[in-house]
Amino acid sequence: MQAKLVPVDGGSPILITRDVTIVGRGRSLCDILLQQTSISKLQCLIAKTDGLLFIRDLGSTNGTKVNGQRVTRGALLPGDELAFASVKFRVHLGPSVRGEDGQVPSDERTDVLEPRPDSPDEDYEVFDSDQSSSDVRLLSDDSAIS
């Protein structure tokens, strides 16, 4: 997933590449550095997971807002307006840009799982469909569940 913050005032977009990103004006502390006095040294944390962005305000003085509402934490959706004090961004979420080889990055591909072959020695009974309308497999009462 490609995630970026697009400045509302028309500046260059900020790509969010890490799973956890710290936003603020503290030079040695932050991944995204915003040089404005209204921004706290540690303003906000952005977590990228499973195609979503989550934010948590880090006790900033002027707050973190989503769509004009001051928040302490929450999820971001595509098109949301994210504001740190008076600095505003539009949230963009989308598919990753393919690499030079034309492939989607490996961490964004769906893994194909092979079906497990049926093991005849498993401890369960299969009911005949003539006897029951259910296809549920039941363990016997004396079998150990692991």
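1. A salt bridge is counted where a side-chain nitrogen of Lys or Arg lies within 4 Å of a carboxyl oxygen of Asp or Glu. In this predicted model, Arg 90 and Glu 81 form such a pair, with their closest N and O atoms 3.8 Å apart.

2. The structure contains two salt bridges. Besides the pair of Arg 90 and Glu 81, a salt bridge joins the side chains of Asp 31 and Arg 18, at 3.2 Å from N to O. Asp 31 is partly exposed, its relative accessible area being 36%.

3. The largest nonpolar core comprises 22 residues, and those with the most contacts inside it are Leu 5, Ile 46, Leu 53, Ile 55, Leu 82 and Phe 84. Two or more residues each are supplied by β1 (2-7), β5 (44-49), β6 (52-57), β10 (81-84) and β11 (87-94). The largest share, four residues, is that of β11.

4. Apart from neighbours within four places in sequence, Ile 55 is in contact with residues including Cys 44, Leu 45, Ile 46, Val 66, Val 71, Leu 76 and Leu 82. Thr 64, Thr 72, Arg 73 and Gly 74 are also among the contacts of Ile 55.

Note on methods: Residues are numbered from 1 along each chain as its sequence is written. This is a predicted model: local features need pLDDT of at least 70, side-chain atom pairs count only at pLDDT 80 or more; totals for chains, interfaces and linings use all residues. Side-chain values use heavy atoms; hydrogens and water are left out. Buried means under 20% relative accessible area, exposed over 50%, partly exposed in between (1.4 Å probe, protein chains only). A nonpolar core is a set of buried Ala, Val, Leu, Ile, Met, Phe, Trp, Tyr and Cys residues joined through side-chain atoms within 4.5 Å. Contact means heavy atoms within 4.5 Å.
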